[in-house]
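Here's a quick briefing to read with the model open in your viewer. Have a look at the fold first, then work through the topics in any order.

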Amino acid sequence: MQLRVHALMECSTVNGPGARAVIWVQGCSLGCPGCWNPDTHDPLRGSRLHHVSEILEWFAKVSREHRIEGLTISGGEPMEQAPPVLELLRRLREGHPETTAGLFSGYTERELPESLWRAVQAHLDFAVLGRYNARRRSHYPLVSSTNQVLRLYTARYSMDDFAAQSVEVHIDHTGLTQITGFPVLGSPVLG
Ligand code: SF4
């Protein structure tokens with residue numbers, strides 16, 4: 001099974017607790033005004049198809065190199081690619097049971113088909129859910145607007161484990177620059 005990917009980041013500390021690998025998927029139909037990632041909306045533009053097995057190999061490698069605590073899946077809209085996302089999360093749990101998993105979705109729990117969401121949620125430690133609303137900006141960890149919710153699904157984290165919003169700027173040896181986190185309210189961290 002393949003996932004349309006916008007970008008990968010080996011190690012981030014602003015997308016959930018601890019050091020985390022991050023996947024931004026490509027494609028989102030929700031169109032929140034003021035979205036920070038408009039380049040991720042078109043499912044075909046700028047995306048690369050990655051087999052779930054390839055992503056797991058990448059995760060195993062970066063996990064060793066950076067002492068990664070978990071994987072965060074963001075977007076774009078992960079739940080619009082639910083089958084490969086579910087397979088990725090299931091195999092991550094099987095192969096890396098010590099690893100935690102988090103997900104950002106613009107959908108609320110009520111909007112998602114119940115059985116599908118239950119299956120995905122069973123492999124998550126946390127999720128941030130709901131549309132981004134630029135008029136209701138939030139200062140809370142991981143939550144961009146006050147209508148969104150941060151849910152915990154296991155006892156591995158408490159709310160105290162989620163740090164204040166901040167933004168990271170990563171520049172690799174080729175000069176490729178990636179910015180992640182919360183550029184509206186966050187204070188900068190150079191990666
Ligand atoms: S759900 Fe996320 S990626 Fe999609 S438009 Fe809203 S903020 Fe942007």
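Predicted model: local features only at pLDDT ≥ 70, side-chain atom pairs only at ≥ 80, totals over all residues.

Residues are numbered from 1 along each chain as its sequence is written. Helices (H or I, at least four residues) and strands (E, at least two) are DSSP runs, numbered from the N terminus.

**Ligand shell**

- The ligand is surrounded by 13 residues, where a residue counts as near a molecule if its C-beta atom, placed from the backbone, lies within 6 Å of it.
- Cys28, Cys32, Cys35, Gly106 and Tyr132 are the closest ones.
- By type, the shell splits into five nonpolar, six polar and two charged residues; Ala, Val, Leu, Ile, Met, Phe, Trp, Tyr, Cys and Pro count as nonpolar, Asp, Glu, Lys and Arg as charged, and the others, Gly among them, as polar.

**Nonpolar core**

- The largest nonpolar core holds 30 residues; such a core is a set of buried Ala, Val, Leu, Ile, Met, Phe, Trp, Tyr and Cys residues joined through C-beta atoms within 7 Å.
- Buried here means that 20 or more other C-beta atoms lie within 10 Å of a residue's own, exposed means 12 or fewer, and partly exposed is in between, with C-beta atoms placed from the backbone.
- Leu3, Ile23, Leu88 and Val128 have the most contacts inside this core.
- At least two core residues each come from S1, strand S2 (20-25), H1, S4, H2, S5, H3 and strand S6 (126-129).
- S2 gives the largest share, with five residues.
- Setting aside neighbours within four places in sequence, Leu88 contacts Leu3, Val52 and Ile55, a contact being two C-beta atoms, placed from the backbone, within 7 Å.

**Helix H1 (52-66)**

- Val52, Ile55, Phe59 and Ser63 are the buried residues to look for in H1.
- Those residues cover an arc of only 75° around the axis, so they sit on the same side of H1; the arc is that of the directions from the helix axis to the C-beta atoms.
- Glu57, Arg64 and Glu65 are exposed on the other side of H1.
- The packing partners of the buried H1 residues are S1, S2, strand S3 (48-51), S4 and H2.

**Helix H2 (82-95)**

- Pro84, Val85, Leu88, Leu89 and Leu92 are buried in H2.
- Looking down the axis of H2, the buried residues fall within an arc of 135°, so they line one face of the helix.
- Pro83 and Glu94 are exposed on the other side of H2.
- Strand S1 (2-12), helix H1 (52-66), strand S4 (70-74), strand S5 (100-105) and helix H3 (114-121) pack against the buried residues of H2.

- Gly75 and Gly76 are joined by a cis peptide bond, with omega about 10°; Gly76 is in the loop between S4 and H2.
- Arg67 is not a glycine, yet has a positive phi of about 50°, and it comes just after H1.
- Arg67 has 10 C-beta neighbours inside 10 Å, so it counts as exposed.
- Leu142, also a residue other than glycine, has a positive phi near 65° and is found in the loop between S6 and strand S7 (149-152).
- With 23 C-beta neighbours inside 10 Å, Leu142 counts as buried.

**Two loop residues**

- Arg131 is in the loop between S6 and S7 and, with 18 C-beta neighbours inside 10 Å, counts as partly exposed.
- Not counting residues up to four places away in sequence, Arg131 touches Leu30, Cys32 and Gly106.
- Gly27, in the loop between S2 and S3, counts as partly exposed with 19 C-beta neighbours inside 10 Å.
- Beyond four places in sequence, Gly27 touches Arg4, Pro43, Ser47, Gly76, Glu77, Glu80 and Gln81.
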